[in-house]
Number of protein chains: 4
Amino acid sequence: MVETTIPKRKISARKAPNQERSKARVDQILEVTCELMATNGLEKLTTNHIAKASGMAVGSLYRYFPNKQAIIYEIYLRWLGQVRERMERFLEEITGAQPIIEVMQALAERIYGESLMPGDDKQLEMELRKAMSLYPELREEDRKHGEQIATLLSRILERAGLNASDKERMEIGAYLYGLDSVRQDLMEQGMDQQTIRVWQWRATFGILQPFLPEGSRF
Amino acid sequence: MVETTIPKRKISARKAPNQERSKARVDQILEVTCELMATNGLEKLTTNHIAKASGMAVGSLYRYFPNKQAIIYEIYLRWLGQVRERMERFLEEITGAQPIIEVMQALAERIYGESLMPGDDKQLEMELRKAMSLYPELREEDRKHGEQIATLLSRILERAGLNASDKERMEIGAYLYGLDSVRQDLMEQGMDQQTIRVWQWRATFGILQPFLPEGSRF
Amino acid sequence: MVETTIPKRKISARKAPNQERSKARVDQILEVTCELMATNGLEKLTTNHIAKASGMAVGSLYRYFPNKQAIIYEIYLRWLGQVRERMERFLEEITGAQPIIEVMQALAERIYGESLMPGDDKQLEMELRKAMSLYPELREEDRKHGEQIATLLSRILERAGLNASDKERMEIGAYLYGLDSVRQDLMEQGMDQQTIRVWQWRATFGILQPFLPEGSRF
Amino acid sequence: MVETTIPKRKISARKAPNQERSKARVDQILEVTCELMATNGLEKLTTNHIAKASGMAVGSLYRYFPNKQAIIYEIYLRWLGQVRERMERFLEEITGAQPIIEVMQALAERIYGESLMPGDDKQLEMELRKAMSLYPELREEDRKHGEQIATLLSRILERAGLNASDKERMEIGAYLYGLDSVRQDLMEQGMDQQTIRVWQWRATFGILQPFLPEGSRF
DNA sequence: TATGAATGAGGCTTCATTCAT
DNA sequence: AATGAATGAAGCCTCATTCAT
């Protein structure tokens, strides 16, 4: 059990969900919690609500998770995991035959365009961001995730044939990851998704342009 | 007293802080609240904490503000006011002689980069944004503010020679603001300042490029 | 859940007390609250007091009642119900053979004289009346109750042979009820019980005289 | 300064208002408090409201009264005093020449019919009754007052030629005083004033009838 | 294992009273 | 004497967490 910062709180799931039934229950809790967060917001998310909506008793929640925070933490981890997974799959698909610009376009679509989770996704993402600022553990997790993503991005860019040094590729990766939080901010501010994508693309292009093969234009 | 939506709540300061001492106390409350918000987050902001940190009794808070929300509301108003003020000052300084891209970078730094209040500013802003999603009154205020800013931005970009529509100018402003937080993230992650500046520059250029007059150099 | 006036408050019990234990707790809360109201008055009735006196935590109150008002509301409903019940039983017992004045005195004793709940009943009633003037919901309930009582009284007096209109019958009932509190006051002041009975009798007679059949003896 | 029950509270005015200005201020406080009680009810009566409505600072209130309770106490005393005063004046006016029944009728008019204080009187009386059940001191005062009134009534009845023993007259006095609280209850319950008077009269008549000279009829 | 009743610390707010000016 | 800012105990209510069954 992971022990964390002031007030020492356990944040990982209480036990590895080996048994099938256990796993199903954990999944249900997480799923229901996602829905409630997306629907009512983090502020109105109570353990009692989660239990009732999951069709189980509050006590059962605490068999699978040591506390409320741990539930959100797990959701956050899975969410980050999905993002990483996509990037990894994307990395494997890259052949090197496509023009970089197309690769980047495809990446943007994959990373920003797809729905990461079933249902009211944008809202959930916003609430997770709130949670991140509420629980220090999430922030730490986010930082580690950032490094991994930067590395992945670096490798993607490498395989796509980006004409940059290792150091530069890592920087580009970090920066592109940062751009994703810009996207999220703008979403929270209510900017239209399609519009966001356009600006996002322009910024990305600005970053990559110096490393694109001569003559590559929009 | 501003009367607001469904759960009738008073959200403006209880009285115009005419007297000197009064004003000092109001300012102290606001300042302390800013710090607490930035440090611990909106969720952990309690009236009792504010009172204790301000070195006064809870009851005293309620002499100056009708409720907790009103304190946040006031902070929000002042923050918006400062942003507007800066943009206005900036607008007056624009000569039209500088390259657009420099003007834009200067703008981003001036508007959002400077510390608006003592202490951890970026964090405060995030918390204010959370508050905005929590209190309908803030959203309304933000909407009005947004219109004013749009106008100002539009005029700044116009004067700087940017060939974009009103809507686009607003979007550019928002995006450039977002880029600034990327810069801060990277700094926290330990990236070299000079390096950050380069990438920042590239991203900014990517954003502005479509609107720059043909052949404009860096 | 009964939805009520302006500050939307739930005033019925949170759940029908099906389970045995549940019902016991609800009853305990109500009983304790009655005692506290009678002893210390409505003004000093606090949720914390109720909880402590009931030997349970505050939170438990709120499992069974949505708020303080709802507790008082339930007490009030039960009290009104008991009064009605008594009148109905009394109505069935009337034969018409007794002299009216005796029937009336018996009525006063039966309806208001008996202890409706364990303990200091008269006081409780006073407090309930205070509560009624404090909570709009109670007033509405009281109004409905009043109509039902009016009908019952009307039928009782009618069956007892009283020659009065419906309106007058209701008024007589209310007045006789009032006389009973005089009796209690005098008892508290130390007047001899037998003596009180005599005066009580005379006042009752004064009230009924105009409606008694010509020549009716005491 | 009168020291009273648990929690020891001072309830008489802080000083005999000798100085003219002092007296004026005390009177103003009392008057304003009466209005506020009648208008908003005892529950919403706060010292701050009283002060503001009196056009003075809260602190000044506490120069003339040791606490809030004392203000209400004083109002109550004055109110009781006015009732007594009327009865005394009435006593002096009795000549013995009038038929008893007329005297009693006149008394009823004087005691129950007149307005005891200027303004929203009925409401104030109701609030004072609430206060009585809130503050033990008021109840004690009410009891003493009751005795005095009973004595006065007894003397009135004597002078009016009521054919009763001293003991009986005292009892009658006590009972008639009790009847007045019936009147108040009925008022609180919203019964029409004129109607109340009629029943009140009938009960009074019932009480007195045995002692009226033979042949006195309505 | 599962349950859900029970807990109680802690959040927001009010207001009688005090005290420095 | 007068002022009114300041105080803080106390009121109502919520909800994460525990524990007996």
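Helices (H or I, at least four residues) and strands (E, at least two) are DSSP runs, numbered from the N terminus. By this rule, chain A of this predicted model has 9 helices and 0 strands. Chain A also meets chain B: 30 residues of chain A are in contact with 32 residues of chain B.

**Chain A**

- Along the sequence, the pattern of chain A reads α-α-α-α-α-α-α-α-α.
- Chain A comprises 218 residues, and 54% of them count as buried.
- Among the contacts in chain A with a separation of 6 or more, 69% are accounted for by residues 24 or more positions apart.

**The interface of chain B and chain A**

- About 2700 Å² is buried between chain B and chain A, with 66% of that area given by carbon and sulfur atoms.
- Of the area that chain B buries against chain A, 25% is supplied by B:Arg129, B:Tyr175 and B:Trp199, which is more than any other three residues supply.

**The side of chain B that touches chain A**

- Three elements of chain B, namely α6 (121–134), α8 (166–188) and α9 (193–208), each give two or more residues to this side.
- The largest share, 12 residues, comes from α8(B).
- By residue class, this side of chain B divides into 15 nonpolar, 7 polar and 10 charged residues.

Methods. Residues numbered from 1 in each chain as written. Chains lettered and ligands numbered in written order. Predicted model: local features only at pLDDT ≥ 70, side-chain atom pairs only at ≥ 80, totals over all residues. Heavy atoms only, no water. Contact = heavy atoms within 4.5 Å. Buried area = accessible area lost by both parts, 1.4 Å probe. Nonpolar A, V, L, I, M, F, W, Y, C, P; charged D, E, K, R; others polar. Buried < 20%, exposed > 50% of the residue type's maximum accessible area, 1.4 Å probe, protein only.
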